[in-house]
Amino acid sequence: MKARLFGHLDLTALLDAATSPELMRSIALHGEQVARDDRAICALIGLPQYGAGLSREADVAPPVGLAASVLAGWHEHGVDLTARLGGSYALVIVDTVRRSAFLAVDRFAIETLCFFADARTLAFADRADCITAHDQQLDQQAIFDYLYFHMIPAPRTVFRHVRRLPAAHALLVDRQGVREIRHWPLRFDEQHRPSFDAARDSFRGLIRDSVAEQLAGQHRVGAFLSGGTDSSTVAGMLCQITGTAAPVFSIGFDAEGYDEMEYARIAARHFGCEHHEYYVTPADLLASIPAVAQHHDQPFGNSSALPAYYCAQVAKADGCSKMLAGDGGDELFGGNSRYAMQRLFEFYHSVPQAIRQAIEPMCADGSPLRRIPGLKQATGYVRHSRVELPARLQSFNLLMQLDPTQVLSADFLSGIDVHEPARHMRAIWNECQARSLINRMLAYDWRYTLADSDLPKVRGAAQMAGMPVAYPLLSDRLTDFSMTLPPNWKLRRFKLRWFFKEALRGFLPDEIINKKKKGFGLPFGVWTTRNPPLLELARDSLETLATRGIVRRDFVDRLFASYLPEHPGYYGEMVWILTMLEQWLRRHE
């Protein structure tokens, strides 16, 4: 795979007090957009917006103009540049007068940037596997993190000596050392009380503007359409703005409980879209699993990546020059079912401590109450509720439910810290100091769900298909707007995304607004139990992982002999993430 942004710097020369003018001419940075003057050079990817108000005109400026504008902003503001920078971007600026290198990514890491740094060298690229200034040694802790989260959260990467910039972060390398800087503070205005009508009108206008901005310079823009509120909103706005039957693309599965094509069709009919449907089959999985796994720069286990790839591929064949994705609405406006669930569990903490201390012993493992059907659920509520956030969000983590000592080899476990994911989650949770539970959970998901999982899924799928993609619901203006909404407009009692739905009532069809929240799952486990070639691919992958000393061979045997046949939907997820890990490792070799 090729990097879109990359470079390699000799830090001993850059940081030398006697830096010569020839150094500027010797520095080579590579990006989609590059600008330089007699003291500094800027290379970037994406569509950054720089200037007063982050105006939409910045989106349609010539690429060389964008890089030049960012470089001018650097000369004026230095590291404070990113406070004035919006849009999607990853950038590198090398300044021979300040004797520094500055790397940064946007609020949600829509564009990514990885780096290797030691006393002599700074190497960077938008892909971790394109940095060659290190020994390429794999990080066992990162592999464990992958098995825990089904992705590798920043700043770690699968390579021991390579780091990935977290969303909304920058890296400054100068004579004082190497340090990370959060450039976008997580500040929610929880005291703001707008009128509903005014907020609704502003919200609709912001969505319309965000979609319209993505049409500049494009001859045919399409949209992913799952049938959920987010993708339906983007698709509807696209039709409204263009005044045409905009092309939209949906993926279905011929498997009971997994297909939501019915809702995609409702949205397409309602807005008059040009609707394209594609049904993914087990044969598609068999053909594409190695390619999808090996396209990513490190192991990646979001199973929706494969259907997203087929969706983007159909759009490419149809002649689209760009795709719009609906990602972000859940995480900005309170749409994930776990938000309501965690509110329910938090009620327990309002119970006086003396009462909690009295009832908790009755809920322990050996308590006879746990054998009584009606009380078993009540004791389960207490046991679950008393776990503090954010650890409670992973109470049913698949790897931990199975027990790492039963899944992973003793040699592999000896090289990792099973408590590292919990510490990472706590650090991310503490980055946001909002008073409301819903806003803290949203900010947490901006890292784990968006930056580290959903956006890499869509970005990787689109890149495989050669299709540019944008996320209009994650525009800076919509994000800022969401941070001023009252918390109970996002989660009203136990009603998810109350404001989003009420503000779009009359625009979205009622069936879409009232449908129950459902994930975009892949029926991999079900199909694996019914399709011998797919089962063989999975079994071969996991058996090879056992020979690598990562998973236990007896666990692989139990997984295929009993776990998967008994509960294919549940244990199929473990088969998937292990299969994708092995397929990625084969390319790395």
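Please keep in mind that the model is predicted.

I'll start with the cysteines. A disulfide is a covalent bond between the sulfur atoms of two cysteines. How many disulfides does the count give? The count is 0. Take Cys311: the nearest cysteine sulfur belongs to Cys320 and is 9.8 Å away. Is Cys311 buried or exposed? Cys311 has a relative accessible area of 4%, so it is buried, the cut-off being under 20%. Cys432 is buried too, with a relative accessibility of 1%.

Next, a sheet. Strands of a sheet pair through backbone hydrogen bonds, either parallel or antiparallel. Here we have an open sheet of 5 strands, in the order 2-1-8-7-9, and the pairing is antiparallel. Which strands stand at the edges? They are strand 2, residues 29-30, and strand 9, residues 163-164. Each has a single partner strand, so one side of each has no neighbour in the sheet. Further in, strand 1 (residues 6-10) and strand 8 (residues 121-125) run antiparallel and are joined by 5 bridges. Across that pair, Leu9 stands opposite Leu122 of strand 8.

Now helix 17, which covers residues 420-430. Its buried residues are Glu420, Pro421, His424, Met425, Ile428 and Trp429. Among the elements covering them are helix 4 (140-149) and helix 18.

Rolling a probe the size of a water molecule over the atoms shows where empty space is left. The structure has 1 cavity of 30 Å³ or more. The largest cavity holds about 90 Å³ of space. It is lined by 14 residues, and those closest to its centre are Arg182, Leu186, Ala443, Trp446 and Arg447. Helix 18, residues 437-465, gives the largest share of this lining, 4 residues. By class, the lining has 10 nonpolar residues, 4 charged and no polar.

Terms used: Residues are numbered from 1 along each chain as its sequence is written. This is a predicted model: local features need pLDDT of at least 70, side-chain atom pairs count only at pLDDT 80 or more; totals for chains, interfaces and linings use all residues. Side-chain values use heavy atoms; hydrogens and water are left out. A disulfide is a pair of cysteine sulfur atoms within 2.5 Å. Buried means under 20% relative accessible area, exposed over 50%, partly exposed in between (1.4 Å probe, protein chains only). Two strands pair if DSSP finds at least two bridges between them. Helices (H or I, at least four residues) and strands (E, at least two) are DSSP runs, numbered from the N terminus. On a 1 Å grid over the protein atoms alone, a cavity is a set of points where a 1.4 Å probe fits but cannot get out, and a pocket is an open set with protein on both sides within 12 Å along at least five of seven lines; lining residues have an atom within 4 Å of a point. Grid points are joined across faces, edges and corners, and a volume is the space filled by probe spheres set on the points. Ala, Val, Leu, Ile, Met, Phe, Trp, Tyr, Cys and Pro count as nonpolar, Asp, Glu, Lys and Arg as charged, and the others, Gly among them, as polar. Contact means heavy atoms within 4.5 Å.
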